[in-house]
Every structure is written in structure tokens, then in C-alpha cells.
Amino acid sequence: MNIIRTHLHLGAAEPFTILHASDTHLTRADERDDARKLALAGRRTNNFPKAEQHLQELTALAQQRGLTVVHTGDLIDFVSAANIDAARGFADQVDCFMAAGNHEFSLYVGEAKEDAAYRNISLDRVNAVFKNNIRFASRIIGGVNFVALDNSYYLVEQWQLERLREEAERGYPIVLALHTPLYSQDMYRQRAEQGKVNPAYLMSVPEELMRAYTPDRYEQQLQDAVTAEAYRFITESGAVKAILTGHLHCDFEADITPTLRQYVTGIGTVREIVID
């Protein structure tokens, strides 16, 4: 497993270290699931052949060093009894602070429109596995407020924005854990250089940059008014000091503003973050 070392100066009470991981994509299924799910597991395992190895290495590192893991989603690739068991085992073995990814709620991967109704089919079952609410949660570590917010469907809901504003009023520096990275010129440019600008798979991409998107991706990723306001609050309020994300399956970091840096952690990577 690749390890990236990152240092954040946030005014912590004393220096501490956390691990950031994302997009493990466990692909387990067994006799408790139907034949369609078993076939899906076989196909998806070919896409993520090292998922089990990555999870074992992440677990071992967290246990050996006694570190909190901030996981920004897609720990599982789809909802199955075996994947649920694996996620529960991980959450029981390490101190995990979790933000949901879109695959946490995926039943058969790509078979349906991902919206609130679809998410709610499996939300309670998946959420019960973890020690925090994976749609929104806050945790103070060393005088720093880690906030997990589920934006995995490219949107922020009104209640989440209100909760984020409440967390900002507490006065702690915020490290925001999201699944989907926020738009920035550097991030969008990198996606374009990779040939992946259509679509870029980022939250709050300006509409004029989405004109080449296919109709389904345009509808999926077009921000609404609440999401636009959330983007402004995150990037302009000064309360959020760093953003940890995943979703893109690559490692990247860049400033969104001169005082706000975003860190994307990809498959097979653990970001070891020292905070002081």
C-alpha cells in the first residue's frame, strides 16, 4: 500500500496523527445473497483485485499505531450481507470515522438512478454498521473538528448545510470529510489532462463547464441552490481549513482558495496526516 505523508498546521492542542483512506471497494458476496449478487461480485472483483489486501494493510497500520482512520466512502462496492459483515468488522477493529460514498448504498452497481429514494433502501442497514452517522457527523480530536458530510450524490441537503453552520459556530478548525471532491480550477484541469473532464465527477462544477456532459451525467451532477450555497460556505467562511475526499481513485492535492486545500486519496493509498 502506498503511503503519502501530509502535514496540516491547524492550531491543534498538541500534535496528533490520523490516517485518511477512501474507495476500498470490497466486493464480497456469499450464499446469503441471490445469484445476481454473486455474479456481480465476480465481475466487480476483477475491477478491484487488491481490495482485501488494502483493507488488511489499512487495518494493521491503524491497529499497530493506534490511529483513527478517516474513511471518505466506498468502503464497500455494493450492499451485500458479506460486505456488510466486512464493514462491521473493520469498524469494530479500528477507530473509524466514516463519510458515506455512493457505493455504500449501491444495490447492484449502476442499475438505478442514485437519488434519496434509492439511498434510503439501504441507508439504515449500512449506517448501523458504523460508530457515527455516515451522512453527517462531527468529532473533536485534539482541538480539531472532523466533520463527515455525505455529498456522494453531488448534492448537499439543507439540513446538512445547517448542521455544518452549527459546527462552524463552535469555533474549532474544521477538517471536512467528503466523498466527492469539490470543484477547483486545478482539480478540473487535472481531470481534463486525464481525458476525464466529461464528466469531471466533482461537486459544484460551473454549469458552463458541463455543456459536453451526457444528459444523464449533467442531471446527476448539476448543483442545486442549496449545494451552491454549501460550496460558498465551505470555501468562503474560513471555518473549513482542509478537505479530505476520495471518489476519483487517484491521489491529488491542490488549493481551492489560498487558505483551503483539498486532499484526494485514491485506491491503494493511505494518507498519514500529522496535525499540529
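The structure is a predicted model, in which local features need pLDDT of at least 70 and side-chain atom pairs count only at pLDDT 80 or more, while totals for chains, interfaces and linings use all residues. Residues are numbered from 1 along each chain as its sequence is written, and side-chain values use heavy atoms, with hydrogens and water left out.

**Overall build**

- The protein chain holds eight helices and eleven strands; these are DSSP runs numbered from the N terminus, with helices being H or I of at least four residues and strands being E of at least two.
- With a radius of gyration of 18 Å, close to the 19 Å that the globule rule gives for 276 residues, the protein chain is as compact as a globular protein of that length. The radius is taken over C-alpha atoms, and the globule rule is 2.2 Å times the number of residues to the power 0.38.
- Along the principal axes, the C-alpha atoms of the protein chain fill a box of roughly 50 × 50 × 35 Å.
- Among contacts in the protein chain with a separation of 6 or more, 72% are between residues 24 or more positions apart; a contact means heavy atoms within 4.5 Å.

**Inside and surface**

- Of the 276 residues of the protein chain, 56% count as buried. Buried means under 20% relative accessible area, exposed over 50%, and partly exposed in between (1.4 Å probe, protein chains only).
- The protein chain exposes about 11600 Å², and carbon and sulfur atoms supply 48% of that area. Accessible areas come from the Shrake-Rupley method with a 1.4 Å probe, and for residues only the protein chains shown count as cover.

**Charges and salt bridges**

- The 28 positive and 38 negative charges of the protein chain have mean positions 2 Å apart. Lys and Arg count as positive and Asp and Glu as negative, while His and the chain ends are not counted; each charge is placed at NZ of Lys, CZ of Arg, CG of Asp or CD of Glu.
- Side chains of opposite charge can pair when their charged atoms come close. The count comes to 20 salt bridges, each being a side-chain nitrogen of Lys or Arg within 4 Å of a carboxyl oxygen of Asp or Glu.
- Arginine 189 pairs with aspartate 186, their closest N and O atoms being 2.6 Å apart. Both sit in helix α6 (residues 185-193), three residues apart, which separates them by about one helical turn.
- Arginine 32 forms a salt bridge with aspartate 30, with closest N and O atoms 2.8 Å apart. Arginine 32 is partly exposed at 47%, whereas aspartate 30 is buried at 18%.
- Arginine 261 and aspartate 255 form a salt bridge, with 2.9 Å between the closest N and O atoms.
- Salt bridges that share partners join Asp30, Arg32, Asp85 and Arg88 into one network.

**Backbone details**

- Most residues other than glycine have a negative phi, and most peptide bonds are trans.
- A cis peptide bond joins asparagine 198 and proline 199, with omega about -5°. Proline 199 is in the loop between α6 and α7 (215-221).
- Aspartate 74 has a positive phi, near 60°. It lies in the loop between β3 (68-71) and α3 (81-93), and aspartate 74 is buried at 1% relative accessibility.
- Histidine 249 also has a positive phi, about 60°. Its place is the loop between β8 (240-245) and β9 (252-257), and histidine 249 is partly exposed at 35%.
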